[in-house]
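Reader: Could you walk me through this model before I start looking at it myself? I will ask as we go along.

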Amino acid sequence: MDTKDNEFLKRIQATFRIEAEEHIKSFSDGLIELEKTKTTESQSGMIETLFREVHSLKGAARSVGKKEIESVCQPLESLFSSLKRNEITMNPGLFDLFHKIGENLSRLVNSEGSQQTPVERQTLREMIQQLRQLTPEPITNGTQDVSKLQSEVKSVEAAPVEVKSLEVKGESPTNVAKAIEPAMDELPVSKPAFAEMVRISISKLDPLLQQAEEFLQTKIAFNQQTSELIQILRDVEEWKTETMKWRGRRSTASVIQWNEWQDKNEVRLNNLETHLVKVTRFMEKERFSLDRQVTDHLDAMKQVLMLPVSSLVEAFPGMVREISREQNKEIEFIILGSDLEIDKRILEELKDPLNHLIRNSIDHGIGTPRERELQHKLPRGKITMAFVAKENGLVEISVSDDGKGIDKEKVLKAALKTEAISPDAAEKLNEDEIFSLIYQSGVSTSAIITDLSGRGLGLPIVSEKVDKLNGKLTVETEKNFGTTFRILIPMSLAAFRGILVSLREFEFILPTMNVERVMRVTPEELKTVENHETICIGEDVISVVSLADVLGLPERRKETSRSSSAESQSSGNIRIVVLISGENRMAFKVDEVLDEHQVLVKGLGKLLKRVRNISGVTILGSGKIVPVLHISDLMKSAVRTAGRKKGTQDEGKASTKSRKILVAEDSITSRTLLKNILETAGYHVVTAVDGFDAFTRAKSEEFDLIVTDVDMPRLNGFELTIKIKNDKKLSEMPVVLVTSLESREDRERGIEAGADAYIIKSKFDQGNLLEVIKKLI
Amino acid sequence: MKTENRVLLKKRAVEMAKEPELKTEGSEYIGIIAFTLSEENYGIETDFVREVYHIKEFTALPGVPSYILGVINVRGKILEVIDLKKLFNLPEKGIGELNKVIILHNDQMEFGILADVVHGTQIVAVKDIRAVPYTVSGIGEEYLMGVTKERLIILSAENLLTDKSIIVNEEVI
């Protein structure tokens, strides 16, 4: 095949991929819809739609020679036509099969066949087999079925489509089966990378084109004016040369000649003036129109970036379905206001937090049908996600469930356990303050850590993201009635403005949106309360810290000390910037407040993935790089700095080196792997070959934590956990179960046995394990 | 022009037009950029060098490990600069007039390393690179490829670029 054909094939396959994704998406959406629908009438309409999606996908696959996709669509389509004829009816098993097929099709579309593992190929074959068995047998004659179809199916338009598919099916079940297998082995190896794509409505693109054309006009006009200016400059230069000549003739020229020269100069000057006035007038006019054009263009571009919420939430129903299946829960998931448009960049930032909120609702909110019945609720739980436009360009997003509600006592207990608050402080908290503890990292009411939740990280992530978007997060909850999380954020991103401050020889940008006020105070206004400096602003007393101390800047060297600080010292005034982040408010001392800039924030490079207290950098007009400070980091650091000053010098330095971990695992490969991971992280590791060995070692040596496999000879992981938790001396030692058993029963057995964490090997990566261990010891 | 001059020039031209002797098996030789760090001579493979950039100013960042000198603006792009002297525990010399940054890159990573003086490129035969004498090795050993007869210490750009442990990823909790 020559390269041109190859190119074409590649392009057509890319197009196919996009189309196929759409069909599969509608197919999965349709299935979820179908599951919700109760009346037979609307059900048959939906089955019809699903049938068409499958049929179109099949056609598309065939046209680009994707035999393996076609081979799945074929029996799937037949099964749907049986469903249409009511020869069989939908049941939960079928839904599961269809969803599985949907997932596999999507995988097939996105990966080239040659990269399929034998296992995947096997699953595919099994699915095809299953589909065949489910289809009522046998259809030998296409025409016969058409007559049957025409009498039974209301929708006549679909009939011709049906004929075609039936004929194909009727003649070739074995042929297709034969065709599949070689097709799976012979696919090309190349796998082109795909860029992210966005769908934009034509109505948004038209103004963009118009504006671009307008720019063209302006460009032409400016070109003309530039030529004019060049001409003026030439005239002036010529005139200057002549004037220089006249200078030499000062003594020899006659009065008449001088007068002539003078007249000539006047004319020239007048000409020049007219010329310049013309150019200036024009420039002034164009400047305003250019201003307008740029603003319009920017607005239109922002409109292009506004995408409907549906593009964000489309993955959620599937996720809810999957998780609730896993946990044996029944959940109705409703999305409201999905046609609202929000800036793409904000939507992207929202994906994670909303994901966490939904998981949270399923995991902690909604109970199993039995639990719910005991509380006199419908067995089927309900989660609603609503997007509502509010005034001032804000949008409110709420995620509510009709579940158990947040247990105040449990939150308090968890917070005390992780030492997020002290017992004294806990007593003084009001209800809102207690609920705000759930946003703190590490606080979880879950009895056990699993892959899904319980690590107490979900809500802190939500809270941080919302902070970053300059939004507000609130929670309302009532025991046994449910919980609602509300996020209030702007729909579009404002240009980033920052205040430039100087500190010793450094300069930093503080995001203007976090700056409440900038002020000068006298030293007398700073009052010390419990060893902290504070200041009164209106009714409030807020703490004051030195930004340089919080950032840990080196002391300024004497010789570089500039006059500015000396000046501020001598005048006795202290410059203070009051920052706000979410609910927190804090005042920071700086040397100098220099300027406000509109800035473009750039990320640090690849080596500096995340630096504490810094969210990025910006390049000033002078080319100088200035770090942009991360306000919520800064507040946390400030609390730490203040705490350190009070006494404890090196709390964060409790090195992992001294920590000793016992690893119980019968497989030598897994054992070595675990040992390596933990030792690399700086832990001291002792290994045991089974549960019994581990228990003996634990009795004779002291360990900070034990990591154990479940399936082991002599004493398995559950039994070992129970023995440890019942041992007087060992009961405090955290137990982490690492297992290949991924089932709810096992997780529950783990909880019963008293394990502190449960990590599944298939999802196992070292980051996950280390993170859990770090949290436990 | 005199004939003898013409002959001489001709001879020179022929000499210069000659293709440089082909270093046959490619893997036997590597191109390196030689530079000085605190009086010691180092070399690093040219394959991983994007450019040598003259550093006029840099911005130090608070809260980063000491081996991160700071960030520089390379034609509008932000780039981190590593101070190998800190990584290798070499005596400090301070940033003088002649400071250059050697920009290293591969598919995943890109950063600059600070050099006191950059001497230029040269070709080194792989067989001439010996293991580092025991006494010299120590901190930074994992980044050393070896040392030549001329006591040029060859750094492994690849090991530097792929070392996950020098990546800063720190959040305030």
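This is a predicted model: local features need pLDDT of at least 70, side-chain atom pairs count only at pLDDT 80 or more; totals for chains, interfaces and linings use all residues.

Reader: OK, how many helices and strands does chain A have?

Author: Chain A has 26 helices and 24 strands, where helices (H or I, at least four residues) and strands (E, at least two) are DSSP runs numbered from the N terminus.

Reader: And what share of chain A counts as buried?

Author: Of its 777 residues, 26% count as buried; a residue is buried if 20 or more other C-beta atoms lie within 10 Å of its own, exposed if 12 or fewer, and partly exposed in between, with C-beta atoms placed from the backbone. As for contacts in chain A with a separation of 6 or more, 67% of them are between residues 24 or more positions apart, a contact being two residues whose C-beta atoms, placed from the backbone, lie within 7 Å.

Reader: Helices next. At what angle do helix 9 and helix 10 of chain A pack?

Author: Helix 9 (residues 202–248) and helix 10 (residues 255–305) of chain A pack at about 160°, with their axes 9 Å apart; axes are lines fitted to C-alpha atoms, for helices over the stretch in contact, and angles run from 0 to 180 degrees between N-to-C directions. That angle makes helix 9 of chain A roughly antiparallel to helix 10 of chain A, since angles under 35 degrees count as roughly parallel, over 145 as roughly antiparallel, 65 to 115 as roughly perpendicular and the rest as oblique. Residues in the contact of helix 9 with helix 10 of chain A comprise 18 nonpolar, eight polar and seven charged, where Ala, Val, Leu, Ile, Met, Phe, Trp, Tyr, Cys and Pro count as nonpolar, Asp, Glu, Lys and Arg as charged, and the others, Gly among them, as polar.

Reader: Why are helix 4 and helix 5 of chain A called oblique?

Author: Helix 4 (residues 92–110) and helix 5 (residues 118–134) of chain A have axes that come within 11 Å and cross at roughly 140°, and these two helices are therefore oblique to each other. On the helix 4 side of chain A the contact is made by L97(A), K100(A), I101(A) and N104(A), and on the helix 5 side by T123(A), L124(A), M127(A) and Q130(A).

Reader: Switching to strands, what does strand 8 of chain A pair with?

Author: Strand 8 (residues 497–503) of chain A pairs antiparallel with strand 16 (residues 592–598) of chain A over six bridges, and six bridges also join strand 8 to strand 9 (residues 506–511) of chain A, again antiparallel; two strands pair if DSSP finds at least two bridges between them. Strands 8 and 9 of chain A form a hairpin with two residues between them, and R504(A) in the turn has a positive phi of about 50°.

Reader: Now chain B: which strands make up its open sheet, and in what order?

Author: Five strands of chain B form it in the order 3-6-7-5-4, with mixed pairing. Strand 3 (49–54) and strand 4 of chain B stand at the edges, each with a single partner strand, so one side of each is left without a neighbour in the sheet. Strand 4 pairs with strand 5 of chain B in the antiparallel sense over six bridges, and I72(B) has L79(B) as its bridge partner in strand 5.

Reader: How many residues of chain B touch chain A?

Author: On the chain B side 22 residues are in contact with 25 residues of chain A, and strand 5 of chain B gives the most to that side, with three residues. The chain B side has 13 nonpolar, five polar and four charged residues. Strand 17 (residues 608–610) of chain A also pairs with strand 11 of chain B, in the parallel sense over two bridges, with R610(A) opposite N169(B).

Reader: Last one: is E77(A) buried or exposed, and what about D339(A)?

Author: E77(A), in helix 3 (residues 67–84) of chain A, counts as buried because it has 27 C-beta neighbours inside 10 Å. D339(A), in the loop between strand 2 (331–336) and strand 3 (341–343) of chain A, is exposed, with 9 other C-beta atoms within 10 Å. Leaving aside neighbours within four places in sequence, D339(A) is in contact with P308(A) and S310(A).

Methods:
Residues are numbered from 1 along each chain as its sequence is written. Chains are lettered from A and ligands numbered from 1 in the order in which they are written.
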